[in-house]
Amino acid sequence: MAAHLSYGRVNLNILREAARKELREFLDKCAGSKAIVWDEYLTGPFGLIAQYSLLKEHEVEKMFTLKSGRLPSADVKNIIFFVRPRLELMDIIAENVFSEDKMHSPRDFHILFVPRRSMLCEQRLKEQGVLASFINIDEYILDLIPYDGDLLSMEYESAFRECYLENDQTSLYHTAKGLMTLQALYGTIPQIYGKGECARHVANMMLRMKREFAGSQNQILPVFDTLLLLDRNVDLLTPLATQLTYEGLIDEIYGITNGYVKLPPEKFAQKKQGEASKDLPTEPKKLQLNSAEELYAEIRDKNFNAVGAALSKKAKIISAAFEERHNAKTVGEIKQFVSQLPHMQAARSSLANHTSIAELIKDITTSEAFFDNLTVEQEFMTGVDTDKVNTYIEDCVAQKDPLIKILRLVSMQSVCNNGLKQKVLDYYKREILQTYGYEHILTLNNLEKAGLLKLQSSSRNNYPTIRKTLKLWMEDANEQNPNDISYVYSGYAPLSVRLTQVLARPGWRSIEEVLKMLPGPHFEERQQLPAGLHKKRQQGENRTTLVFFLGGVSYAEIAALRFLSQMEDSGMEYIIATTKLLNGTTWIKSLMDRPESQSS
């Protein structure tokens, strides 16, 4: 059992177990010894569902990464390809199968498509002449992956790009399917609210799917009271801003992938006295980050400026616990101390790790470059000089700072100013293309298409009104003992989370005017519960809302929603779901053309 998935109001282990059961059933279809050939992108998400031990129990003896050419040798009866439905991967599989057929005694080949089978892919395998080699062609529906006790992600990398650049709604279909799976396990969600075009599509698909399966309703008391669907493009500003929570900064600086972070090894080397430091490790230090680790759960959502104090308090508690051994006199006391030792040692090593990470981050956050960047971001958010060319951005371009940093800032200025004047926009574009290369014209077009860069139309700038009405800027944000969600960006309250907060109380009718200024429709739907199922709320029991971000969510937004869940008077518990966990850098990268040639 993954304990960190079941600590909240909603036991997400149920979802993980359902996914594991399906995986076991598929593996058992392929009788005998097995080798799995992985589409590399899937190994991270699968690691959150099933460890290698589960695969081993079902006779998986070898695992390889999908690469062109010959497969590594493996003395097994079955070869199973776990792949996304992508045409270019089918060509590699065909190559693998051909080389196997020449080399070995007959093998049984199988394909498992994640998350859906694809006619186009099967057609491609047929054209390549290998379709008949496959005994099983199946799909493994991995839509929503539990990351933590209150967090689900589809890890659908290209969802935002597909919806806003390519007009492709595949990710929305997967979202609706994922939400149907969730309702099958946790009961029908009686109320659905949404804001944005994509939200409207997902709600419509869900309601249609529900009508189609009308007869097969399950009699489960609903766990969720409300579903809120939010389009990423309703709030383009938040992911562009630098996150200032501990987890957010780890993601901004090092990148968190499938719950893991890789860190520079030298900071974690255990140096023995008198040893030369020539044998420093060269492999990055890989750490898993989730609430299973007590200390991480405690500090991840704090503003980084409050992390130091929390760590030193923890250090005092741990050293006091170790001092206790001097007071243990009787055998019973000594025995009790020894029984607590493993837990104390784990706490000590966790403290050492997070102290090292905090030092690494502090080196960056105390630098002049970081401070200057943050100052400009906060000026944009508060509406200072957003309508003219920004000298800091000019300097960054002149120094050839990373292109993504420039694109984040220019996009932010555009969003806070409801577009840029023609001459400002032209100036930025010209500078970027001359400095970074004309191939980036495609990227600039993509950012325009996605609404991140745009020309200011004659209409007035609505952003100041939105900022004021929704209190998006709080002058004296308390970073140490926060009393408002704005602490996650040291003053800026994420628009997406404010909308969530207002929906809970006093309701969206109170901000009707502002909702009209934001893109896309807003709506409310009710779903009938199966007869006889009505949720009686206990005195003082919180309501549970599932907030689904279509197009991605940042760790700082997650921290803000967790903060709302913990507020005494909120009466609301939030579970967060998304198509992808992102930050400004990964988000802009997903919109770039030729990102592989781009040094970030």
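**Close-up views of helix packing and nonpolar cores**

**View 1. Helix 15 and helix 17.** The axes of helix 15 (residues 391–398) and helix 17 (residues 422–436) come within 10 Å and cross at roughly 15°. Helix 15 is therefore roughly parallel to helix 17 (angles under 35 degrees count as roughly parallel). Ile-393, Glu-394, Cys-396 and Val-397 of helix 15 make the contact with Tyr-427, Tyr-428, Glu-431, Thr-435 and Tyr-436 of helix 17 (contact means heavy atoms within 4.5 Å). This is a predicted model, in which local features need pLDDT of at least 70, side-chain atom pairs count only at pLDDT 80 or more, and totals for chains, interfaces and linings use all residues. Residues are numbered from 1 along each chain as its sequence is written, and side-chain values use heavy atoms, with hydrogens and water left out.

**View 2. Helix 1 and helix 7.** Helix 1 (residues 13–29) packs against helix 7 (residues 170–186) at an angle of about 110°, and their axes are 10 Å apart. The two helices are therefore roughly perpendicular (65 to 115 degrees). Ile-14, Leu-15 and Ala-18 of helix 1 meet Leu-182, Leu-185 and Tyr-186 of helix 7 in this contact.

**View 3. The largest nonpolar core.** Leu-229 and Leu-499 touch the most other members of this core of 168 residues (a set of buried Ala, Val, Leu, Ile, Met, Phe, Trp, Tyr and Cys residues joined through side-chain atoms within 4.5 Å; buried means under 20% relative accessible area, with a 1.4 Å probe and protein chains only). Helix 16 (residues 403–416) supplies the largest share, nine residues. Beyond its neighbours within four places in sequence, Leu-229 has contacts that include Leu-179, Ile-192, Phe-548 and Leu-550.

Methods: Axes are lines fitted to C-alpha atoms, for helices over the stretch in contact, and angles run from 0 to 180 degrees between N-to-C directions. Helices (H or I, at least four residues) and strands (E, at least two) are DSSP runs, numbered from the N terminus. Angles under 35 degrees count as roughly parallel, over 145 as roughly antiparallel, 65 to 115 as roughly perpendicular and the rest as oblique. Buried means under 20% relative accessible area, exposed over 50%, partly exposed in between (1.4 Å probe, protein chains only).
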